[in-house]
Amino acid sequence: MSAKIKLGVAGCGYWGPNLIRNFRALPDCRLKLLCDLNPARLKHLQSLYPELAGETDYGHLLNGANLDAVVIATGVKAHFPMAKASLLAGKHTFIEKPMASSVAQCEELVEIAKKNGLVLMSGHTFLYSPVVRKIREIIDQGDIGEIRYISARRLNLGLFQKDINVAWDLAPHDLSIILALMRELPYTVNCRGSAHVTPGIEDVTTMCLGFSHQRSATIQSSWLDPRKVREMTIVGSKRMIVYDDLEPLEKIRVFDMRVERPPHYDTFAEFQYAYHYGDMYAPYVKQEEPLKTECQHFLDCIRTGTTPASCGVRGTELVRILEASSASLQKGGAPVTLAPARRDRTPTPPRAAAPPRRQGPPRMAPAAARFPAFA
């Protein structure tokens, strides 16, 4: 491989230009070729970056441009055939989220990449956010205690998609963050939603995830809200974190608030919840563009052979949850059980016998693949 990694980007629509801008700015990358079916898009981007070649033929990008790597930022339905062709052509491949339209497609891509010794990476940008890394650091230090539940809201007016619903479009961002913070996969998924604009394509959904030890997470996604909202609340046994991605400076706020129940009481009259109200602080986070970090990480993994933090396996896990959410939608919100699998959370000893309403989820299998630690 030459000193600089030669790279092409397929898909120059909504998100592609951001990838083009970032890869072009990295010193160890030589962005050579742009590919899109729309000549007008290519012409516009070439007016911004005259040194880049434009091509409407994806086959030429794979076989005639002598590239080391391909970045795919097209519609979701095109992800699998384009990524499969890229991997079979011997190219390291970066795919925007979600990685493919089904778990079966994801698993096939992972197998091809493994067989050919290629880097396969899914574009879960928020895993590379310094804000999310800071939240994970706060949790790992035990500052908020044990996570009890996470609530996420990602709302705006549009952009409406034609081939996927709002859960597949917006929820992957929140899912990638939640899985990184929970450090395990959910054992059950519920999802309810409505299609108000395009029949058959839900534009409002609420997804509920069940985790071990009675922990849970909810994700509200909408293309039909008058305000843009990007907010996540992480409630711990000691403190609570509010993450507002739209805040220019104080994106993280830690609240010293909690509710405690008395350990012992003789009569109902003696039972009193204790509400603790303390201070709020906003930790400093150095501002960096997550997408730039993600793009550099892809190049670094190509050079070193390192498994990406958002590798094909991680992308498959996320699509497995989205698949389950679609199945739940078809069942009117009924729970869909996922195959039990842990990440890197140390199992706790079984609890003593308790009333049925306080029992946790079914017992899970031993820990499987660990979630890659952030550098």
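Visitor: Is Cys35 buried or exposed?
Guide: Cys35 counts as buried, because its relative accessibility is 5% and the cut-off for buried is under 20%. Keep in mind that this is a predicted model.

Visitor: And Cys106, buried or exposed?
Guide: Cys106 counts as buried because its relative accessibility is 0%.

Visitor: How many disulfides turn up in the whole structure?
Guide: Zero, going by a search of the whole structure. Cys35 is in no disulfide, and the nearest cysteine sulfur, which belongs to Cys12, is 7.4 Å away.

Visitor: Remind me, what's a disulfide?
Guide: It's a covalent bond that links the sulfur atoms of two cysteines.

Visitor: OK, new topic: helices. How do helix 1 and helix 8 pack?
Guide: Their axes are 9 Å apart and the angle is about 65°. Helix 1 covers residues 16–25, and helix 8 covers residues 290–304. The two make a right-handed crossing.

Visitor: Which residues meet there?
Guide: Helix 1 brings Asn18, Leu19, Asn22 and Phe23. On the helix 8 side you'll find Leu291, Lys292, Cys295, Phe298 and Leu299. Sorted by type, the contact of helix 1 with helix 8 has six nonpolar residues, two polar and one charged.

Visitor: Last one: where is Ser221?
Guide: Ser221 is in strand 10, which runs over residues 216–222.

Visitor: Why does Ser221 count as buried?
Guide: Because its relative accessibility is 1%, and buried means under 20%.

Visitor: So what does Ser221 touch?
Guide: Leaving out residues up to four places away in sequence, Ser221 touches Arg154, Leu155, Val166, Leu170, Ala171, Asp203, Val204 and Thr205.

Definitions and conventions: Residues numbered from 1 in each chain as written. Predicted model: local features only at pLDDT ≥ 70, side-chain atom pairs only at ≥ 80, totals over all residues. Heavy atoms only, no water. Helix = DSSP H or I, 4+ residues; strand = E, 2+ residues; numbered from the N terminus. Buried < 20%, exposed > 50% of the residue type's maximum accessible area, 1.4 Å probe, protein only. Contact = heavy atoms within 4.5 Å. Disulfide = S-S within 2.5 Å. Axes fitted to C-alpha atoms, helices over the stretch in contact; angles between N-to-C directions. Left-handed = near helix turned anticlockwise from the far one by under 90°. Nonpolar A, V, L, I, M, F, W, Y, C, P; charged D, E, K, R; others polar.
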